[in-house]
Amino acid sequence: MKNLDLREKYYYNLKNALIYPLKNSDGMLNLASMQRVFIKDSVLILVKGDNKISVMNSETSEFEYYIFNDEDSIVKYVTTTFANGQILITFSLVNEDLILNNEDETQGPQILIYHTHASEDFVDSVPGDPSTTIVGAGDRLTELLEEYGFRVLHDTGVYDQERDNAYEKALPAVEQILKENPGIEVVIDLHRDEMANDRRLVMDLQGRPTARFMFFNGLSYLRRQGEISYLENPYILDNLAFSFQAQVLANEYYPGLTRKIYLKAYRYNMHLCPKSMLIELGAQNNTVEEIMNACDPLAHVLAMVLKKR
């Protein structure tokens with residue numbers, strides 16, 4: 001996919017969302033594609049070809065559905081509900097084909113899971129036991145994805161002895177893994193978040209306490225300074241497509257389990273391949289049980305995106 005056009009001109013700071021003008025250069029509403037994504041404030045709107053609009057509040061990850069008789073009705077709804085015009089029509093994220101191409105088992109792993117911050121642990125982690133840290137969650141996610149038929153390599157290297165330099169230290173190691181395993185198409189950097197102690201990212205999912213998780217994207221772009229030239233990422237849109245498709249499916253199958261997609265200015269080593277993803281799985285005050293339970297729906301969502309349900 002091409003990088004963003006006119007990104008500096010139309011960049012607008014609404015929770016770091018990427019915004020384009022609602023109207024095209026002729027002053028007409030841009031409805032060339034009936035399947036696209038709008039973002040305004042904390043609202044994600046998917047417009048689909050069946051004249052169905054799904055409106056998701058990304059703070060609560062809850063959807064509301066609206067069905068219209070025709071295209072004009074969709075236009076009227078969007079323009080009257082978001083009348084200030086600071087909506088945009090971003091990109092066709094939900095249509096991008098993310099199915100894995102490497103089906104030849106002799107070509108090695110398809111998916112790499114690693115941890116920039118391998119030392120991240122949980123409220124009841126056992127000191128010195130990595131199986132109870134984010135690395136153990138990576139082991140569990142690896143097992144589940146393999147059960148879905150994927151070939152997965154889990155790198156358990158520790159890159160955060162000095163946390164401030166962890167991304168710089170992880171980069172050459174991950175680059176070497178990709179060089180040695182050219183069949184890898186997906187790179188997942190699995191983390192856990194840091195929250196105030198009085199806020200817990202947990203919900204009851206099918207009778208099990210399950211940690212909530214969040215997809216995270218780096219944009220290599222600062223609002224005032226513009227593009228960060230030394231953090232080039234040719235795959236920004238592809239990265240976003242991966243997160244958006246996973247978010248949509250998670251909300252369909254597991255409402256409330258995912259948090260909002262978090263967009264940040266820097267790169268976070270997401271330039272290594274088109275299907276790169278950074279996931280914040282729970283937080284420091286989740287239990288190991290809650291984290292491990294969350295790996296089941298997370299693996300299911302990833303499998304649906306990469307295999308196309």
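1. Helix α6 is mostly covered: 17 of its 20 residues are buried. Buried means under 20% relative accessible area, with a 1.4 Å probe and protein chains only. Helices are DSSP runs of H or I of at least four residues, strands are E runs of at least two, and both are numbered from the N terminus.

2. This is a predicted model, where local features need pLDDT of at least 70, side-chain atom pairs count only at pLDDT 80 or more, and totals for chains, interfaces and linings use all residues. Residues are numbered from 1 along each chain as its sequence is written, and side-chain values use heavy atoms, leaving out hydrogens and water.

3. The length of α6 agrees with expectation. Its 20 residues should span 28 Å at 1.5 Å a residue, and its end C-alpha atoms lie 29 Å apart. The expected span is 1.5 Å times one less than the number of residues.

4. Thr 287 sits in the loop between β15 (275-283) and α6 (288-307). Its relative accessibility is 19%, so Thr 287 counts as buried. Beyond neighbours within four places in sequence, Thr 287 is in contact (heavy atoms within 4.5 Å) with Phe 122, Val 123, Asp 124 and Arg 200.

5. Strand β8 (residues 186-193) is largely enclosed by the rest of the structure, because eight of its eight residues are buried. Val 186, Ile 188, Leu 190 and Arg 192 point one way; Val 187, Asp 189, His 191 and Asp 193 point the other. In a regular strand, side chains alternate between the two faces of the sheet.

6. β8 has parallel partners. Strands pair if DSSP finds at least two bridges between them. β6 (residues 111-114) joins β8 over four bridges, with Ile 113 partnered by Ile 188. β15 pairs with β8 over seven bridges, and Val 187 stands opposite Ser 276 there.

Definitions and conventions:
Buried means under 20% relative accessible area, exposed over 50%, partly exposed in between (1.4 Å probe, protein chains only).
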